[in-house]
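Look at the sequence and the model below. This report goes through selected residues, helices and sheets in turn.

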Amino acid sequence: MALINADRVRFPNDPWKLVETSHAPGDAGTLETLFALGNGHLGVRGAHWAPSDAALPGSFINGFHEIWDIKHAENAFGFARTGQRILYIPDANNFTVVIDGEMLSLSESTVVDYRRSVDFATGIYECAIVWQCRSGATVTTVERRAVGFEARGSLGISLDVSADRAVSADVTSSVINRQDQPVEDHSTHDPRRAGRHAGRVLLPLRMEGGDGSLRLSWEAAESKQRVGIAVDHWTSAGHQPFDTLVDQDDSSVRYVLAIAAEEPFRLEKSVSYAVARGARTGLPGAADAEAGEDPADAAEAGLKPVGDVFAESEAHYRSYWADADIQVGGQPELQQAIRWNLFQLAQATARAGVAGIPAKGVTGSGYDGHYFWDQEVYLLPYLTYSNPDGARQVLEFRHEMLPDAKIRAKELSVDGALFPWRTINGLEASAYYAAGTAQFHIAAAVAFATNRYVWASGDSEFRAGMGADLLIETARMWVSLGFFGKDGAFHIHGVTGPDEYTAVVNDNLYTNVMARFNLRAAAALDHPAVDDAERELWEAAAERIQLPFDEHFQVYSQDNDFMTLEPWDWTTPRSKYPLLLNFHPLVIYRHQVLKQADTVLAMFLQWQEFTAEEKRRAFDFYDPITTGDSTLSACVQGIMAAEVGYRKAALEHFTNAAFIDLDNTHGNTIDGVHIASTGGVWSSLVCGFAGLRDQGPVPFFDPRLPEEWDTLRFRLRLQGRPLLVELDQDAITLTVLEGEALDVDVRGVRFVVASQPMRVPLDPVHVPEPSVFPSGPPTASLPVVRARE
């Protein structure tokens, strides 16, 4: 499946924009995701302004959600009890335009010219359409929109309507409560999609409006979170509204006027949102209004002129790209995809505050708006090296979860803290424990991100305080979850690793490797809460932890039993993928087949713990049996392909990752951008092709630039200093742009990098011969034994 790459006339290559030059029916929902705007707090999908032209329109606020009691068909102790789902907030991006009695819509009207774009350099969405009206008039509409950054709840929208002759116009601007609109529930067919609530969710609190202004607020029925919206309108030539209507589901401001030739009508819509937490919504970050305050009043305080919102967006992205841009020489189409992915990272994280990063950011309702381990392993590398303050805020968000995480640990009979597999408010929301709660590795992800942030930033205050809390409580969880067996090894049983096609296993390699890291990092702390006995226990568990290894294949096994499983039937047609939508979990669990990189990911994150030969053989064994059904997989496979020397495979995996959403290769981009994959694209460039490895004595680079690329250029922030990294086919050049010199290791040789560019020549990378492993079912060579008739 392809979208952007399938029609480069419709979607021309532009290194700084995503552009659509003609409208075609059938993929409106996917394009609403690709053209979405957001700032980490507020998100607006890229839907067309006319209701009939939108597929899955809506707006979201990070963390604004509803809760309900999970009803298990068969109950058991410790099952998740509280469901959580992100809510559609009342949506301000709606207009109807009637010209000489004709309601304009892409589906019904004649379109002469069409062009819409989202500009990565400014964060501004623009859609210009030339209509041939039935009355004979040629009318042009231009809509522009942007989200705010100084005031994170602000949104600016402008609509220009012009004509080549005098026309009568009827223009209505609406705020629609989409959460309580009847919509087909697709989640029963695809667990990746958000479900719907049976009853009314948003209950009206305040419904006021007049003279083109709206002040509205609602309360979620169960979570008791409240959302308020303030809307003001401004028009050219001072046109007054024909009427202003207020309703809990559809409020509107209507203008009826004559538009003369060469005298366009401009309508500017200034919007501001604010939210207030309820009694049990858990975590900070989403609250703009004080307890008892009407959030519509708080929203009113955040109103800004539309021009100011556009200016804020332009200023933000001017600053953002100065530090965050990654440039690839000689690859213009990849350059566009890279910048689109980096733009999505900015939109998912810029103004999230002390909050998590949903798996779909604020571009859609997929995965119910939950936070997963993705944010620590796939997103925090990007934040740590480009926006350390943002990385710290996410870790502060995890720290706020500690009280609930300690309660959850007790429910599962372990010490310390056990973070939820998927959540919004800090409580476990995964109803399927085998592929959810059993993924204890979430604890190591939090510890790993904590250690990386401290290593990269030098934030000693965080290390001594919140960081130490996170490392210590997760280490306590591991040492109580595992046990010392009769063989003297430390085992961790009954867990699921990142690969959700292999569930509830013993000694999952990824889990054990990351737990070992966690235990060692905690043991290295000099902290009054840790005594010598506890430290020695952690060190012993780490030293003796079981790492399954298959002597026959000379490959680390994904878990104790993985090598005994029956290989998957690889003649399974592509129409049966992703497997999770076409086979019962038990069918998948008993076969050698992976949803995503698991052992390979462990070897990337714990790069110093494995030899080059071990990494190569693991990649050779696992890459062919990885379906890529997870969007988290391609980037990791590409990074490790680059490290082991498979440059062609590395580039193929990277390209797949870069276009996962742009080409809708997984078929669910309609529900929002795969934000973790966009973080993986950043890691593929920085850790894959530039070969950065961290948390060692000094930053380490082992570049692997694809043969097709001329150059690769980016910046990192290390120890408070910006480091410029420039690669070509023959050398890596490093420059500290500000501050003291920095020690850097390039392929085992240490250099002192200062303000003068340090150019280090690079020898060509050896391409090894791949390992050859048997394929096909283990009984393939045996004679067929037939029963007697």
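## Thr496 and its surroundings

Apart from residues up to four places away in sequence, Thr496 touches Ala434, Ala438, Gln439, Phe440, His441, Thr502, Ala503, Val504 and Thr511. Contact here means heavy atoms within 4.5 Å. Thr496 sits in the loop between strand E22 (490–491) and helix H10 (509–523). Helices (H or I, at least four residues) and strands (E, at least two) are DSSP runs, numbered from the N terminus. The relative accessible area of Thr496 is 0%, so this residue is buried. Buried means under 20% relative accessible area, exposed means over 50%, and partly exposed is in between, with a 1.4 Å probe and protein chains only. A polar atom of the Thr496 side chain lies 2.9 Å from the backbone nitrogen of Val504.

This is a predicted model, in which local features need pLDDT of at least 70 and side-chain atom pairs count only at pLDDT 80 or more, while totals for chains, interfaces and linings use all residues. Residues are numbered from 1 along each chain as its sequence is written, and side-chain values use heavy atoms, with hydrogens and water left out.

## Ser430

Ser430 belongs to the loop between helix H7 (402–411) and helix H8 (442–457). With a relative accessible area of 7%, Ser430 is buried. Its contacts, leaving aside neighbours within four places in sequence, are Ala80, Trp421, Arg422, Gly436 and Thr437.

Ser430 and Gly83 are 347 residues apart along the chain, yet their C-alpha atoms are separated by 7.9 Å. The side chain of Ser430 also reaches the backbone oxygen of Tyr432, at 3.4 Å. A polar contact is a pair of N or O atoms within 3.5 Å; within protein, one must be able to donate a hydrogen and the other to accept it, and residues adjacent in sequence count only if both atoms are side-chain atoms.

## Arg516 in helix H10

Arg516 is found in helix H10. Its relative accessibility is 10%, so Arg516 counts as buried. Setting aside neighbours within four places in sequence, Arg516 is in contact with Ala542, Ile545, Leu547 and Glu609.

Helix H9 (residues 460–481) has 22 residues and reaches 30 Å from its first C-alpha to its last, close to the 32 Å expected at 1.5 Å a residue. The expected span is 1.5 Å times one less than the number of residues. A kink of about 50° in H9 is centred on Gly467. The bend at a residue is the angle between axes fitted to the seven residues ending there and the seven starting there.

Helix H17 (residues 675–689) has 15 residues and should span 21 Å, which agrees with the 21 Å between its end C-alpha atoms. H17 bends by about 35° at Ser683. This helix is mostly covered, with 15 of its 15 residues buried. Just after H17, Gly691 takes a positive phi of about 70°.

## A five-stranded sheet

Which order do the five strands of the antiparallel open sheet follow? The order is E20-E29-E30-E31-E34. Strand E20 (327–328) and strand E34 (758–761) are at the edges, each with a single partner strand, so one side of each has no neighbour in the sheet. Two strands pair if DSSP finds at least two bridges between them.

Strand E31 (residues 731–736) and E34 run antiparallel and are joined by four bridges. Thr733 has Arg759 in E34 as its bridge partner. Helix H17 lies across E20, strand E29 (711–718) and strand E30 (721–728), running at about 95° to E29. Axes are lines fitted to C-alpha atoms, for helices over the stretch in contact, and angles run from 0 to 180 degrees between N-to-C directions.

## A four-stranded sheet

Another open sheet has four strands in the order E27-E28-E32-E33, with mixed pairing. Its edge strands are strand E27 (692–693) and strand E33 (749–753), each pairing on one side only. E27 and strand E28 (residues 700–701) pair in the antiparallel sense over two bridges, and Arg693 stands opposite Phe700 in E28.

## Backbone details in loops

Gln719, in the loop between E29 and E30, has a positive phi of about 50° although it is not a glycine. Its relative accessible area is 36%, so Gln719 is partly exposed.

The peptide bond from Tyr577 to Pro578 is cis, with omega near -5°. Pro578 lies in the loop between strand E25 (566–567) and helix H12 (585–589).
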